[in-house]
Amino acid sequence: MRGTILIISFYLILSADVGAQETTSRSLRSATTIQPAMSPTPQAATSPVPVPEPSEKALSYYRSGNVLWGANIIWELLIPALFLFTGFSGRIRNWAQRLGKNWFFVIGIYFVIFSIISFVIDLPLDYYEGYVREHAYGLSNQTFGKWFGDALKGLLRSLVMGVIFLWVPYLLLRKSPRRWWFYSGLLTIPFLFLVFLIRPIWIDPLFNKFGPMKDKTLEATILRLAERAGVEGGSVFEVDKSEDTKALYAYVTGFGHTKRIVLWDTTIAKMNEQELIFVMGHEMGHDVLGHIWKSILFFSILIMATFYTVHRTAGWLIHRYKHRFGFDHLADITSLPLIILLCNLYLFIVTPFDLAYSRHIEHEADRFSLELTKNNHAAATAYAKLQTENLGVPRPGLLYKLWRAQHPTLGEHIDFCNTYRPWEKNEPLVYGHLFREAK
Ligand SMILES: [Zn+2]
């Protein structure tokens with residue numbers, strides 16, 4: 001769903017796994033894909049893998065995706081602006097005050113009403129984007145019932161998170177009107193850690209069935225690799241994603257005892273063992289190199305900067321339009337659409353920085369996996385499969401790269417996987433000290 005609400009959009013941003021290919025709506029939601037390439041024959045296994053030409057369908061998906069992305073950006077500014085300039089946000093606050101009486105309940109009730117109305121307004125675009133379009137391109141296996149059920153669960157998840165957490169920044173706005181942006185930005189760090197901790201056990205299973213890997217031989221091979229890579233604890237899960245999609249994906253999530261690598265069953269079905277080993281090595285790289293916590297810190301800094309800019313600009317808008325808006329200070333819950341509007345605007349501006357960082361860690365996870373597995377051919381065919389199966393294009397334009405690409409382009413992935421082989425020239429490995437060589 002479109003992230004209507006601030007904290008929910010944080011959630012979406014990071015629920016996009018480390019491993020995704022493109023961001024759809026809002027700055028940072030994502031879904032990756034891998035496509036099946038030619039299966040490597042023994043004699044071909046060392047030759048470079050050509051970057052596949054994108055199909056007409058993939059090009060059409062790419063072009064229409066760019067248009068849709070632009071429409072989403074406008075939509076995410078337009079809708080909160082409508083809540084504000086029509087004074088509708090003020091009316092929601094009045095209803096919430098009649099029902100809630102005290103400050104805490106007014107915030108919760110406002111949030112619930114606001115979210116449900118936003119959900120309904122967004123529904124047609126979400127339906128087109130998440131259901132109609134995915135089916136039209138042959139990427140989706142979802143029934144309408146599953147799609148709609150997931151949408152409702154997504155709304156429920158937002159409501160619960162909002163009611164539990166939204167009062168915190170509003171309390172800070174009230175108690176510390178000059179420093180709220182700093183404390184709220186700081187609190188983003190434990191909040192995101194908490195989300196990552198509970199997500200694999202309490203949130204993800206609401207949407208799909210997670211279980212141990214069915215192929216025990218493959219699982220044993222992966223666990224041996226994990227042991228070599230020094231991945232502590234954690235385990236490998238297979239998720240029944242073929243119910244929803246034909247796309248391929250894998251990700252690493254959780255902390256401590258909730259840490260896990262998750263393979264979509266679609267990926268297991270389409271990739272051969274060597275390719276899966278490379279993908280697993282990539283995900284293990286994210287873990288060993290600390291990419292989750294580094295991403296949380298990096299993103300929290302961007303959020304703090306965004307809050308600061310909101311702090312510096314919201315006052316001027318409130319002063320100029322307070323009669324239309326129906327509130328005269330930011331600590332009033334009626335300001336929520338204004339905060340969302342400004343955050344969406346500033347997040348759009350910082351997105352290229354966020355994505356550049358994301359592309360950097362994706363590249364390093366590839367490097368880690370190549371050094372660990374030393375199978376350039378399987379790595380390159382894995383990305384060729386991602387491209388084909390997920391309707392990716394190998395060399396997207398600059399605008400796409402700056403604002404949408406969470407990964408290096410597929411062409412860059414394949415080029416790197418074909419050519420990175422320092423071990424053949426006896427050059428030192430960048431991450432050789434982090435894992436044990438295969439016997
Ligand atoms: Zn990754």
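Helix 4 has 34 residues and reaches 47 Å from its first C-alpha to its last, close to the 50 Å expected at 1.5 Å a residue; the expected span is 1.5 Å times one less than the number of residues.

The model is predicted: local features need pLDDT of at least 70, side-chain atom pairs count only at pLDDT 80 or more, and totals for chains, interfaces and linings use all residues. Residues are numbered from 1 along each chain as its sequence is written.

Helix 4 bends by about 50 degrees at Leu 123, and Pro 124 follows within four residues. Just after helix 4, I found Gly 138 with a positive phi of about 70 degrees.

Next I checked the strands, which are DSSP runs of E of at least two residues. Four strands form an open sheet in the order 3-4-6-5, with mixed pairing; two strands pair if DSSP finds at least two bridges between them. Strand 3 (210-212) and strand 5 (250-253) are the edge strands, each pairing on one side only.

Strand 4 (residues 235-239) and strand 6 (residues 260-264) run parallel and are joined by five bridges. I noted that Glu 238 stands opposite Leu 263 in strand 6.

How values were computed:
The bend at a residue is the angle between axes fitted to the seven residues ending there and the seven starting there.
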